[in-house]
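Please keep the coordinates open while reading.

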Amino acid sequence: MSCLMFERCGAVALKRSEQDAIEVCMLADGRVNTGHAGVLLVERRGSYPQIDLRILKTSAQQGGVESGTRRKVKRQLSFQRYCHASRVLRGAMPNSPGSLHLLDKNYLGQAAHMLSKVGTWNFDIFLFDRLTNGNSLVTLMCHLFNVYGLIHHFQLDMVKLHRFLGMVQEDYHSQNPYHNAVHAADVTQAMYCYLKEPKEQHDLGVLQLAEQLSPLDVFLALMAAAAHDVDHPGVNQPFLIKTRHHLASLYQNTSVLESHHWRSTVGMLRESGLLSHMPADISQDIEQQLGSLILATDISRQNEFLSTFREHLDNQDLDLQLASHRHFILQIALKCADVCNPCRVWELSRQWSERVCEEFYRQGDLERKFDMEISPLCNQQADSVPAVQIGFISYIVEPLFDEWHRFTEPSSLSHTMTGHVHKNKARWSRLRYANTASDSQAEEPEGGGRGGGEVEGIS
Ligand SMILES: [Zn+2]
């Protein structure tokens, strides 16, 4: 990495370590950001925290990563990225055997028709992703930026915007069953539905939430939703910590993934130059606010946000004229959008549930293979999909959406979501019961065999 590159963009790079592939940047004029220990970390594209079994083995068994191994892996991953890019350029999107042709007007027409109903809660993001040939995130974001006039308001360069959104979409790992670009598009679509929520505002009567926000708030809400899981490796934070992944040590075992998502986003913003025409203090403020929104999605901070939200609602003191209160509502809206899968209609909700469990089980399989303790929810033999979903709905989704319901009341969307959650939870309960019953029946003659019986042991 050359220092010239940083002089050109007005920054001084403090190189932390070659292996980390991370740059620590301070502003050239000596101003530093006060909110985050005085430095802005920018992760370069290509850090790509793919979990590589060779790293895992050496790291877990020998207590360290040999530098030659890491170098080889980095070269291989760069090559993967090169192949991926060339496939995109040829119009063959990844993960889509027999995919639609990029220029098929029929499919694009159907996608355009779907966009006319993008604000409806039963919007099928899986179908939309197929119709856009795997470009749901870019297509959706461009559409919503137009809906809110953000391109004109912020004088955004369309080429840079496309470049930035393309990078974000590409840096989601399509091989992840759950944390991929379709999840990001789904969260963005949910955020749009929440921005449309009607809300009583003092003397002004009922206005949509977005009408009570500034254009910057709307811009941040959509950007944070689109990028909130970018470059997710498909394993959770405890896994990164126990395998001594470099990201865990970089972020000191705290909000490791969320910090990585945010700082990767900042890296892509700077690489694309999307905000380069803005004054430095504005673009820095955008970067910081994006961080605050993305870090709020750390599920371990759920209680902190929930109790503050409850307190505001009890005191009825939320004032959307205040920038800090608007920001807080965006944090809550993003958290809701991130975990809203059980609030969707069953057919969509079920697909997300199966995908997230598949991702958990893959982690569990890795842990089993390398003689590590299997993480909670990751044991396919013990943690069935219905059991995982019932726990998720009871401890995470219901408490959050109960408060969101209080905030948006009387909202028909809120009633719809609550109705779906109750129905979906009841359906998972029936499935869990049915599985448990058939499992115990099957066990009698077999004498406790291992093949396919997955529900035994769920409390
Ligand atoms: Zn997410």
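In which loop does Asp229 lie? In this predicted model, Asp229 is placed in the loop between α10 (215-227) and α11 (237-242).

**The zinc site**

The zinc ion has as its protein donors His183 (NE2), His228 (NE2), Asp229 (OD) and Asp338 (OD), at distances of 2.0 to 2.2 Å. Read along the chain, these donors follow the spacing H-x44-H-D-x108-D. The angles subtended by the four donor atoms around the zinc ion run from 86 to 171 degrees, and the arrangement is therefore irregular. For comparison, the ideal angle at a metal with four tetrahedral donors is 109.5 degrees.

An unreviewed UniProt entry carries the annotation "binding site" for His183, His228, Asp229 and Asp338. Although these residues span 156 residues in sequence, no two of their C-alpha atoms are more than 10.0 Å apart, so they gather at one spot. From this set, His183, Asp229 and Asp338 belong to the lining of the largest pocket.

His183 lies in helix α9 and, leaving out residues up to four places away in sequence, touches Tyr178, His228, Asp229, Asp338 and Trp352. Asp229, with neighbours within four places in sequence left aside, is in contact with Tyr172, His179, His183, His261 and Asp338. His228 is buried, as is Asp229.

**The annotated active site**

The feature "active site" is placed at His179 by UniProt, again in an unreviewed entry. His179 is found in the loop between α8 (158-171) and α9 (181-195), and its contacts, not counting residues up to four places away in sequence, are Tyr172, His173, Asp229, His232 and Glu359.

**Accessibility of selected residues**

The following table sets out the relative accessibility of residues discussed in this report.

| Residue | Relative accessibility | Class |
|---|---|---|
| His179 | 15% | buried |
| His183 | 0% | buried |
| Asp229 | 7% | buried |
| Asn424 | 3% | buried |
| Arg350 | 23% | partly exposed |

Since buried means under 20% relative accessible area, His179 at 15% falls into that class, whereas Arg350 at 23% counts as partly exposed.

**Helices α17 and α19**

Arg350 has its place in helix α17 (residues 346-369), and Asn424 is found in helix α19 (residues 412-446). Arg350 and Asn424 are 74 residues apart in sequence, and their C-alpha atoms are 8.4 Å apart in space. What does Asn424 touch, not counting residues up to four places away in sequence? On that basis, Asn424 touches Pro342, Arg344, Trp346 and Ser349.

**Confidence of the prediction**

The pLDDT averages 81 over the chain, with 73% of the residues scoring at least 70. Over residues 1-39, however, the pLDDT is below 50, and this stretch has 59 contacts in the model beyond near neighbours in sequence. Residues 444-459 also have a pLDDT that stays under 50, and the model gives them 24 contacts beyond four places in sequence.

Definitions and conventions
Residues numbered from 1 in each chain as written. Predicted model: local features only at pLDDT ≥ 70, side-chain atom pairs only at ≥ 80, totals over all residues. Heavy atoms only, no water. UniProt positions renumbered as here; feature names shortened; annotations may be inferred. Helix = DSSP H or I, 4+ residues; strand = E, 2+ residues; numbered from the N terminus. Buried < 20%, exposed > 50% of the residue type's maximum accessible area, 1.4 Å probe, protein only. Contact = heavy atoms within 4.5 Å. Donors = N, O, S within 2.8 Å, 3.2 Å for Na, K, Ca; no water. Tetrahedral: all angles 85-135°; square planar, octahedral: opposite > 155°, others 65-115°. pLDDT = per-residue confidence, 0-100. 1 Å grid on protein atoms, 1.4 Å probe; cavity = no way out; pocket = protein on both sides within 12 Å on 5 of 7 lines; lining within 4 Å.
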